[in-house]
Amino acid sequence: MPRRLLILGAGGHGRAVADLAAACDWTVAGFTDRPGADPRVLGGDEDLPALARSAPIDAGVIGVGNSALQRRAELFDRLRESRLPIPALVHPRATLSSSARVSAGSVVFPAAVLGAGVTVAENVVIYSGAVVEHDCRIADHAYISPGAILSGAVVVEVGAFIGAGAVILPGVTIGKHAVVGAGAVVLADVLAGETVAGVPARPRGA
Ligand SMILES: CC(C)(COP(=O)(O)OP(=O)(O)OC[C@H]1O[C@@H](n2cnc3c(N)ncnc32)[C@H](O)[C@@H]1OP(=O)(O)O)[C@@H](O)C(=O)NCCC(=O)NCCS
């Protein structure tokens with residue numbers, strides 16, 4: 001019985017999610033995006049309710065990446081409204097503790113590691129090779145880029161972005177919609193909406 005998945009967004013991240021979905025035994029039914037973005041585009045985001053009702057689609061996930069972080073949350077709300085089921089996609093070569101939890105719409109790419117007691121809320125991205133150690137809490141719509149290392153008990157609040165290869169020290173909180181630059185080493189809490197970069201990480205412009 002095929003499990004047909006609609007992916008919202010046909011850009012680079014959407015195509016990465018399509019690969020992940022195939023590895024998780026889903027068949028990609030198509031994407032929503034602008035016409036011509038990919039031959040498999042079935043319609044625009046505004047067509048989602050009609051597609052959910054009529055097309056041979058069993059579920060949906062978000063395929064918009066970090067180029068439009070705010071949009072990821074808005075699209076997720078639309079997907080919920082469409083009443084399509086929203087699966088979590090966890091690659092078979094990701095390593096998860098038996099006590100780690102991943103909620104609806106979140107995507108966990110190959111070689112990611114989720115330690116004991118980790119909770120990943122909805123519509124979160126955990127990219128390839130990211131390490132999310134024990135007791136970390138990752139809130140809705142957060143985005144963890146490739147190779148980032150979150151030491152134990154880190155809290156990542158709603159919609160925050162962690163750049164590639166960043167290292168977050170134990171117990172640090174990354175505030176709502178904060179941005180951590182690639183390669184940063186974060187020693188202390190980052191305020192909501194703040195962007196930090198560097199080693200050690202400092203607010204931009206400081
Ligand atoms: C930190 C970041 C968000 C800043 O983006 P931005 O505001 O567009 O910054 P700019 O590229 O205009 O650079 C501004 C300055 O910050 C510096 N800078 C940019 N990124 C930096 C980083 N990660 N670490 C240290 N310094 C950085 C630039 O060298 C530049 O310095 P200057 O003013 O002395 O010339 C961005 O560079 C970044 O690291 N993004 C993460 C990308 C990533 O990991 N993507 C993974 C997707 S899967």
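Biologist: By class, what is in the shell around the ligand?
Modeller: Seven nonpolar, five polar and one charged residues. Nonpolar here means Ala, Val, Leu, Ile, Met, Phe, Trp, Tyr, Cys and Pro; charged means Asp, Glu, Lys and Arg; the others, Gly among them, count as polar.
Biologist: What kind of model is it?
Modeller: A predicted model: local features need pLDDT of at least 70, side-chain atom pairs need 80 or more, and totals for chains, interfaces and linings use all residues. Residues are numbered from 1 along each chain as its sequence is written, and side-chain values use heavy atoms, without hydrogens and water.
Biologist: Which residues come nearest to the ligand?
Modeller: G163, A164, G181, A182 and R204, out of 13 around it. Near means a heavy atom within 4 Å.
Biologist: Where are the polar contacts?
Modeller: A backbone N or O atom of A164 sits 2.7 Å from a ligand oxygen. A polar backbone atom of A182 is 2.8 Å from a ligand nitrogen. The R204 side chain has an N or O atom 3.0 Å from a ligand oxygen. A polar contact here is a pair of N or O atoms within 3.5 Å.
Biologist: How much of the ligand does the protein cover?
Modeller: 40% of the 910 Å² of accessible area that the ligand has on its own. That area comes from the Shrake-Rupley method with a 1.4 Å probe.
Biologist: Is C136 buried or exposed?
Modeller: C136 is buried, at 0% relative accessible area. Buried means under 20%, exposed over 50%, partly exposed in between (1.4 Å probe, protein chains only).

Technical notes: A polar contact is a pair of N or O atoms within 3.5 Å; within protein, one must be able to donate a hydrogen and the other to accept it, and residues adjacent in sequence count only if both atoms are side-chain atoms.
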